Structure formats: structure tokens, C-alpha cells
Amino acid sequence: MATTEAIDVVMPQMGVSVSEGTITKWLKQQGEQVEADEPLLEISTDKVDTEVPSPGSGVLSQILVEEGQTVEVGTKLAVIGGDGAGAAAPTEEEAPPEPATQAAADESMAAASEGVGDVAPSTQEQQPQQAQQQPQNGKTFVSPVVAKIASEHGVDPSQVQGTGRGGRVTKKDILNFIESGAQPAQVAPAAPAQPEAQPQAPAAPAPKAAAPPPAPSAAQPGETFEPMTAMRKGIAEHMRCSLDTSAHVTSAIEVDMSRVSAIRGKLKKEYQQSYGVNPTYLIFVARAAAETLREYPWINGEIRGDQIVTRSYVNLGFAVELQDGKGLIVPVVKNAETLNLLGMAKAVTDIAQRARYKKLLPDEVQGGTFTIMNPGGYGTFHGTPVISQPQAAILGTYAVVKRPWVVQDELGEDVIAIRPVMNLTLTYDHRLVDGALAGRFLRDLREKLENWDESAY
Amino acid sequence: MAELTYLQAISDGLRTEMRRDKRVFVIGEDVGVYGGAFKVTLGFQEEFGHWRVMDAPLAETAIVGACTGAAIMGMRPVAEMQFADFISCAWDHLVTVAAKQRYRAGTPVPITVRLPSGGGFSGGPFHSQNPESSFAHIPGLKCVCPATPEDAKGLLISAIQDPNPVLYFEHKHLYRRIKGEVPEERYTVPIGKARTHREGDDLSVITWGAMVYTATEAAEQLESDGVSVEILDLRSVMPWDKAAVLESVRKTSKALVLHEDTRTGGFGAEIAATIAEEAFEELDAPVKRIAAPDTPVPFSPPLEKAFIPQVDDVVAGLRELAEY
């Protein structure tokens, strides 16, 4: 048994901008032996989900933060070793683990008081309590149409005087209630705020309907609630923040991928057999984009205060879907301009795989200077993605589709050929990048893809 | 426009089509010399001759079989079952051959089978039934049940010109009791379209045939209670006007399905189920059915009255729904 000093386990700093994390799972239980660097718990932040290795060896003597709780970076999560280590059992009695949720807390409180207050908590005693929750006979039944109207108008049916059988609220009752202008329990947030002109003097400012966010009321019939994950919250916040920051504009270009397609076919076998990677269209685009970005530092740049930041390197972010499209992470390939096609293929395959298995390191989702997103696998041909802040642009790559394409034959005559065509979009921050610059960038990128130079890449 | 009885309107519709289209002929028991058991075809043999108004032996199988064959050869036969009840003899020809011929061989079977149906006159178990749900259940057959003289004429013409076998349920109780304005010219009433017989806001009654009038009397009684009842006359039970039913139920949120046929497996069950499936969120009360009990139709007048839904039964049902 280790008689070492107690080691504190704290919420790690998962990258520069992460300030808090949620404990998703304890992999060791209180009283269990744990080795240094052995995975101890799983955490979720708005950037990554990851395992936290144990900072030392010993017995996990105390867990201080339960699963599901979100705490700030640096918060003490657990203690390894120390005085309590030898005697794991007593700790449990001294400090019963905090219930994870309020509901559980209430439950255990209730259980405790019941045990103390009465010798035999009979069912008789519980019954009146249940009856109390049902206001009046029959009034609790809400018909489908009443429930629907109630949810549409944000009315609590129990506030309506019922005239139906046994005091049931009928459709007429609730419609009359609404028509009579009775104060609804809460304004339905879904209703489009009517921009009614308010010609009155601004002396008495009318209460703004849009102001308060909807309270998380009880689920209406047909609805279910699920908690937002830390990642979802992070995405939501970042997307909103990005749209509030940058002036998003999107330009699109069509690229004839015939040459890329041919080279891809040629390289496929070699890449797969020798390196276990796939030379996807995305890799070609990424390689060409990294190359083109060197000539367009502003598109690879950033606005920081009053300054425009440009770089001598390209850190390419790749949007990777997680959880069947219900999550997203953007790992970054650093110094992408130094990679050739094979290097790019290996780097992208590596980060995408580790993203899916939650093995990314926090620094691998930071420091991007430009992002590529690739929804083309689903057949989409256009999109207007949101820029990953504080970058200046994001490139969208879409489905490669065989299309009739006007080309010139050997006599210089126009003929229609079948060509694999890919649409590319550049969504850029118009505060920094103008349409002409974006157009030039896309033109050069197309040039590189259409005339792919094998020796150069 | 002339005022005609329901029965006269049927004769008028049949005569109109026979004058217009030489392929149309009538066949049935006593339809010729005698003019039909209910005198629908009275005078027809004189006008159209015995080759177009044919007396058949007492054999519904033969009548419908002959019609099916003639229809396949391009004729437009109109068969009369003396009473709807006897159509069971022709089940095989209708269900196995006529209903499926188009599907199997691509040949249309444009036959019309007139079915004097319904009770209310102590006809007993063999002369009072409303067997529409049995046939509405058979893919390939259409079933219409007019309630007014105007619809009786228009639907009969639609039935005759329809390329499918159409079962035309004419309610015997309405023959001479119901009169109404009927246009003299030829017109059609579309099969599969319901008609709002009475507009209302609080309750919907979905019904057809003679029950339209029972429902109307009941609705008038509820009017004095301040309850506004809408009556939808389905007119066709196959195809039936689902859209009209759902629209009415969405408006009132309370539905009563009423029919003279027996309850279990009656066509009202289909309608009630559809309302529950497709307008569940609009309902403010359970869908209610009023129908005859699951027994044969009794002879005895008091028993028959207890069997067929009466105005008082419908009033009680509507009140129950209104108070729910």
C-alpha cells in the first residue's frame, strides 16, 4: 500500500480557451488502486472529449466531483493516496457521496425523513399526498386538442375554468380563455414576434416580448427533452459568436476534377497498400488549398484588434462529424504547407480517426488558420458554412458529380463532354477579404486542381 | 326544376341515361311488365322495349353474372336486386369476377347494381339490411348511398358512366317520403365526395342514407340547447371523402359516426379509426358511434324501432358528446 502524500486530481486545462469541463465518467471507483498515467476519468469540454490520466499511483481515496457536473479548470476532482488511502471503507460512511442530481437528492432526503419520522411509513400516508397532486376530479384529463391549443398559446390548462364533464377543460373553454385575453402562463417563445409599430412616446417602454429566454417548462405532449452536451453547447455558442463577429459572404466555383480523378485512380492502390490511407478528393483539395493560401496571406489571416495578422505557415482545420452527425470537432493539421500529397493524406486520416475515438490532444484542435469542411459525401453541392473564429475563411468541398461540360476539341470547336465536377465554396469574412480577392483565390485553386502537377505535389 | 320523390329521381336518372346511351339496359326480377317491386322502372319496357328492360328469373347469381359478361362486351348494364339483402347470392360474381377483372385482365366492368336497402317498415331480417360495409371492404367495388332526390339522380348517372362496378344503395324508407327539387337536365354527382347537409360548429355527425334525416331531426333538438351540429352526408362510402370528414372534425373536435347498419365492422368503424389516426390532436372527446346492435333486423315494430337508431338515440348521443 502506498503511503505517499496525497495527490490532488484537478480539472486539466484543455487548451488555451477552455475554462471548464464536465465529468462524463469516472473510470475508477473510490477505494480502487490506480497507477500513474492510467485513465482515471473522462471529461467533456467544448473543444474535446478526452480521458484524464492519473497524476500518480495510489488508492483513489476521495472523489469530490460527481459525474455530470461541470466545474472550472483547476477544480480539485479527487484525491489519490494520503490518509484516507489505507481505510477506504470508513470514508463512505463519513461522507456519503453527493447525489448526482437534485431529483436524487430529494429522493434520498425523502427516504431519510420517512425513516426517521414514522415507524411504519404506511401506504395510507402516501395516498393523500398523491391525491393532492391531482387538483380536481376529472380536471386533470386534457384532451388532445386542448393540449395542442395550450402549447400553441403557452397556456396552462389547469388555469382555465373547465365546463366539461367533471370540470374538464373543453376546447371551447380554452379558446374562450385565450380570446378573453387572460394572462397566459408564459408567452410562447416560438410565436414570431410581431414587429408592431409602437408610435407612443418612449416614456413608458413597453415590455419587450423577445427578451427572456424560454423557461425550460415541462415537456408538452409529443415532446421529449434531452440535455445539451458540453460539445453541443460549445458549438452553439461558437456558431452564434462567429456570425456576430464576421461579415460572412460566400463565393462558389466549379472545378473539373478529371485530372485529379485520373491521378487518384492511379495512386489509390499504392496509397492503400503501402500506407493504409486513401487519396480522397478532399486530400487533393487540401493540398492545393495549402499551396494557394501561401499566395493569399489575408485569407490565411486574422483580424486582431486593429491589426491584420498574417502567417508564414498554414494550419489547416478539418471539420469532422461525430456521433452520427450530432457533434462536430475541428482538428488541425499544423504546418500543412510542408506536407506533400501523401503527407497530407496521412495527417488527415490520423486526426480524423483520433477525433472519432476521442484521442485528440487539446492542442490539436487549436491554432487553425483556415478550415476545410466536406459535406460532399452526402451529395450536397453547395453550402454556406460558418467561419471558425478567429479565422478569415472556410472552404467548402462538395460532391463530385458527372456533368455535361463544354470543352474544346482538337480543332478548337466547342463540344460537350462528361466531366466529374466539384463545387467549391469559400465563405470569407468580408471585413478582411473582398469578393475580388476571394474570386482570385478560388480561380487559382481551381487552376491547381484542374492542371494537377504530379511532380510538384 | 321539378319536385320529385327520391324514387322518381332514381327513375328519372335511369331514364335519362337509357335515352342518352343505347348501351344502357336494365335487368332484374319483375323490372319489365310489372315495373319493378317498387315501380322504379314503371313504363320503361313500353319506352325502351323488352330487350333493354329484361325480366330475369329469381336468380341474383344469373343477373349479376349476365351483367358482368355484358359489361365486358361493352354494354352498360343496370341490375336491380329486388332487395339489397339478396345480393349475397351474387357475391361470387361481384367479388371474385367483377371486382377483380380490371386488375387481372385490364377489362373494365361498368355495371351498376341497384340495391333497395334499409329498414323501418317491418320488413324483417331478409328485407331490411344495409350491407354496404361488406362491399366497401372489397377492393374494386364502389358503393354509393344517396340521401336526397338530387343526389339519387346524379349519383345514379355517375354510377352508370363509371367504368367500375358500382353498388347503388337506394334507401327504401326514403322512396316516397323524401321529396326535393331535381334538375330536369342530365347532371352527375361525383362519387367519393361528401356533402355538408347542415353546417355547425360544435359537433360533427358523419352519416349517410336515411340516417341523414334522423340526424337532422336530432340536430334541430340540440339547436334549442344552444349546441350547433354539423351533418356531413357522406353520399359515397367507397371511395369515401376522408378530407371532408377530417375537415369537419378539425373544426368541431367532436365526432359522432352514425349508421343504420350493425355496429361491429360497420363502415363507421373505418371512419372512427381514421379520425383517431389522422385527427387525434384535434379531438376534444372520444369519437362516438351510433349504429344498430349486432343482431338480425327484427320483424316486430317495437323491436325494429329499438334496433334502428332513432332520433332520441342520436339526441342522447349528441348531448353526451356536447357535455363531455
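These legends describe close-up views of a predicted model.

**View 1. Chain A, overall make-up.**
Chain A has 457 residues, and 30% of them are buried. Its secondary structure consists of 10 helices and 18 strands. Among contacts in chain A with a separation of 6 or more, 64% join residues 24 or more positions apart.

**View 2. Strand S5 of chain B and its burial.**
Strand S5(B) spans residues 112–117. Six of its six residues are buried, and the strand is mostly covered. Each face of S5(B) has its own set of residues. One side carries Thr112(B), Arg114(B) and Pro116(B).

**View 3. S5(B) beside strand S4 of chain B.**
Strand S4(B) covers residues 76–80. S4(B) and S5(B) pair in the parallel sense, with three bridges between them. Glu80(B) stands opposite Arg114(B) of S5(B). Helix H4(B), residues 91–105, lies on the chain's path from S4(B) to S5(B). This β-α-β crossover is right-handed.

**View 4. S5(B) beside strand S7 of chain B.**
Strand S7(B) runs over residues 166–171. S7(B) pairs with S5(B) in the parallel sense over six bridges. In this pairing, Val166(B) of S7(B) is the bridge partner of Thr112(B).

Note on methods
Residues numbered from 1 in each chain as written. Chains lettered and ligands numbered in written order. Predicted model: local features only at pLDDT ≥ 70, side-chain atom pairs only at ≥ 80, totals over all residues. Helix = DSSP H or I, 4+ residues; strand = E, 2+ residues; numbered from the N terminus. Buried ≥ 20, exposed ≤ 12 C-beta atoms within 10 Å, placed from the backbone. Contact = placed C-beta atoms within 7 Å. Pairing = 2+ DSSP bridges. Right-handed = clockwise from strand over helix to strand, strands pointing away.
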